[in-house]
Amino acid sequence: MQEELNQFERNEVWELVQRPTHQNVIGTKWVFRNKMNEEGSVVRNKARLVAKGYCQEEGIDFDETFALVARLEAIRMFLAYAAHKNFIVYQMDVKSAFLNGLLEEEIYVKQPPGFENFSRPNDVYKLKKALYGLKQAPRAWYDRLSSFLLQNGFTRGKVDTTLFVFEKGQDCLLVKIYVDEIIFCATNESLSKKFSKLMQGEFEMSMMGELNFFLGLQIKQCQEGIYISQSKYTKELLKKFGIDEGRTVSTPMATNVKIDKDEKDKSMDESKYRGMIGSLLYLTATRPDITFAVGVCARFQSAPKESHMTATKRILRYLKGCQEVGLWYPKEGGFKLIGYSDSDCAGCRVDRKSTSGTCQMLGNRFVSWFSKKQNSIATSR
């Protein structure tokens, strides 16, 4: 907790002032978290002072809150390109990133619980920079970071605005931003080192090195390519829902089973069913093989029946038998964009709508896919 407040002092986040008479003062609270690596071991204990952003009033305490965030498809494409070019991908984590964002609004917060100034207990802090929990904090941080990169010769992607490129002669450096986590790679190792020094000179970094764990994805880099999986998350998921023991199945959904509302069947716990579906949807980030089955089961979250729970548990039993399955991005092979699409014919028994499925590959690297029920009823394929 003291380390967090020391960060505030170094970054000049706030100043203690008299409490304003006609100004909204936002409360603060402490949030504690254990940061883990891909093996589940605790690597750092974090204490974060967070503003109670739900007390903010639009038009007074904030205006614009939208902040750009990289899509998982863009991250997979980034890794596929790195594998194709045989780049080493590095990661860095900006320490207390939001404390670097500059605020445009006049905002006051209460003193941190347990760290009040005894000589000035009724005073409040006037914020100079963003604080975690503020609605505009992500946007302020992105504006600060993007402005810094643009000032140092980077160009921002026109389609993917979380991608920044630095070119020097025949060499280039690619930088991908996901809030306070940054991954980067370069054609020349010296460019990567130069970028690391550049970032360390401007921001305080808490994690640097080769990329191995990012947004819950386990990433293994080797000479032949890059392997992406969520095996750790899968094991935790199976244990959470009690599927870590028992038999396995070879497919996530039986081909002869057609799921409908089944209103006569026994009702199941909605919160548990929704928890299972939400967990499985996150797993589809690296498991296209379960995307269709999870999508079908997700249609019945409002009133799940026993048949729906049985179908969902079948997906979990399937995962139990192939926990280590993931995406392999080999170095060898072309980089041509190839896409496939298909749909069933009136596959949904509830409204007779068809389900479309597509997948896109860069060479032989699976980067994007989805399975979605169509909006209207089609009379043909």
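## Charges over rings

The charged end of Arg48 lies over the ring of Tyr132, 4.0 Å from its centre. A second case is Arg76, whose charged end sits over the ring of Trp369, 4.1 Å from the ring centre. The criterion is NZ of Lys or CZ of Arg within 6 Å of the ring centre and within 35 degrees of the ring normal.

## Model and conventions

This is a predicted model: local features need pLDDT of at least 70, side-chain atom pairs count only at pLDDT 80 or more, and totals for chains, interfaces and linings use all residues. Residues are numbered from 1 along each chain as its sequence is written, and side-chain values use heavy atoms, with hydrogens and water left out.

## Overall build

The protein chain has eight helices and 19 strands. These are DSSP runs numbered from the N terminus: helices are H or I with at least four residues, strands E with at least two. Along its principal axes the C-alpha trace spans about 75 × 60 × 45 Å. Of the 381 residues in the protein chain, 45% are buried. Buried means under 20% relative accessible area, exposed over 50%, and partly exposed in between (1.4 Å probe, protein chains only).

Asp262 belongs to the loop between helix 5 (231–240) and helix 6 (270–283). Asp262 is partly exposed, at 27% relative accessibility. Its C-alpha atom is separated by 35 Å from that of Gly216, 46 residues apart along the chain.

## Largest pocket

The largest pocket holds about 660 Å³ of space. On a 1 Å grid over the protein atoms alone, a pocket is an open set of points where a 1.4 Å probe fits, with protein on both sides within 12 Å along at least five of seven lines; lining residues have an atom within 4 Å of a point. Grid points are joined across faces, edges and corners, and the volume is the space filled by probe spheres set on the points.

The lining has 30 residues, with Arg33, Lys35, Lys46, Asp93 and Glu181 nearest the centre of the pocket. It divides into 14 nonpolar, six polar and 10 charged residues. Here Ala, Val, Leu, Ile, Met, Phe, Trp, Tyr, Cys and Pro count as nonpolar, Asp, Glu, Lys and Arg as charged, and the others, Gly among them, as polar. Strands 3 (28–36), 4 (42–51), 5 (90–94), 12 (205–210) and 13 (213–214) each supply at least two lining residues. Strand 3 gives the largest share, six residues.

## Aromatic pairs

There are 15 aromatic pairs. In one of them, Tyr81 and Phe87 have ring centres 6.1 Å apart and planes at 75 degrees, so the pair is edge-to-face. Rings of Phe, Tyr and Trp (its six-membered ring) pair if their centres lie within 6.5 Å; planes under 30 degrees apart are stacked, over 60 edge-to-face and the rest tilted. Tyr81 is partly exposed at 28% relative accessibility, whereas Phe87 is buried at 11%.

Tyr90, Phe154, Phe166, Phe184 and Phe195 form one aromatic cluster.

Four strands form an open sheet in the order 1-7-6-2, with mixed pairing. Strand 1 (14–17) and strand 2 (25–26) are the edges; each has a single partner strand, so one side of each lacks a neighbour in the sheet. Two strands pair if DSSP finds at least two bridges between them. Strand 2 runs parallel to strand 6 (residues 108–109) over two bridges. Ile26 has Val109 as its bridge partner in strand 6.

Another open sheet of four strands has the order 13-14-15-16 and antiparallel pairing. Its edges are strand 13 and strand 16 (326–330), each pairing on one side only. Two bridges join strand 13 to the antiparallel strand 14 (residues 217–222). Phe213 has Gln218 as its bridge partner in strand 14.
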